[in-house]
Amino acid sequence: MLELLQLEFMQRALIAGIFLAPLLALLGSFVTLRKMSFFADGIAHASLLGVAVSILVGVAPFGGALVIGVFFGVLIFLLERYTSIASDAVIGIIFTTGLALGIILISLQPGYQPDLISFLFGNILAITWSNVWIISVLSVGILSTITLMFKKFTLTSLSEELAWTSGIPTTYVNLLFYVLLSVAVVLGVKLLGIVLVSALLITPPVTAKLITSSFRSYVVCSVAFSLIAFIGGLIVSYYFDLPSGASIVVSASGVFMLVLIYTKMFNDA
């Protein structure tokens, strides 16, 4: 382990992941409670449009993905809130439209696009110190906001009607949650890639749900399982020369299977 810490690219990966993995798990706790798992996939895939636009105009793809991700997150919120279209249908439309437009724009740019491959499949070992700073600052900002509004987010996630009768401005709280979640998903795309980011958002909370009986312990265990999956997957990817994003996701799934087996054995005993 000490050998890993001496490598600069591993230092960058660990710092970024230690900030981002708990953030995704924390938001994932609310996402699973709200049954919004498909939302993360929609935003992740739609953010490809931001990457494509950025590549065409010659700016950093990370910024473009963030802007487009937040835009589509707000758009999904507005369509869900002010139309009669089902939530999964709204996300499906955004998902496919953003992805299709991204593919069309990328086809206009000749040659190999390393930034595109990075966003599709993730490459945490190639992130720069500027990426680390962006991820760290935004993660701290989102975590601070969630901490300040934890009770409001929790009550709104459990029952929007009850939250509204308690005096909580549910429309604004939900909109804020959608924006924070959109930003976190795009940050996760840089870490794991468009294809895999929803796994770290969903798998740790689902794992935690197997062994917890209160919402606070559910959140704490989600964060713990996320960190275990991230660090374990990163170590495995280094020593066996495997793709880092995929290794982290498989690690999260491995933790889920171990906990599931343990709970089955414990309940049957």
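A: The structure, a predicted model, holds 12 aromatic pairs; rings of Phe, Tyr and Trp (its six-membered ring) pair if their centres lie within 6.5 Å, and planes under 30 degrees apart count as stacked, over 60 as edge-to-face and the rest as tilted. One of them joins F30 and F177 edge-to-face, at 6.0 Å centre to centre and with 75 degrees between the planes. Because F30 belongs to helix α2 (residues 8–34) and F177 to helix α11 (residues 170–192), this pair ties together parts that are 147 residues apart in sequence. Helices here are DSSP runs (H or I, at least four residues), numbered from the N terminus. Both F30 and F177 are buried, where buried means under 20% relative accessible area, exposed over 50% and partly exposed in between (1.4 Å probe, protein chains only).

F30 and F177 also belong to one aromatic cluster with F150, F153, F215 and Y218. Over the face of F177 lies R34, at 4.3 Å from the ring centre; a charge sits over a ring if NZ of Lys or CZ of Arg is within 6 Å of the ring centre and within 35 degrees of the ring normal.

Residues are numbered from 1 along each chain as its sequence is written. Local features need pLDDT of at least 70, side-chain atom pairs count only at pLDDT 80 or more, totals for chains, interfaces and linings use all residues, and side-chain values use heavy atoms, with hydrogens and water left out.

Methods
Helix = DSSP H or I, 4+ residues; strand = E, 2+ residues; numbered from the N terminus.
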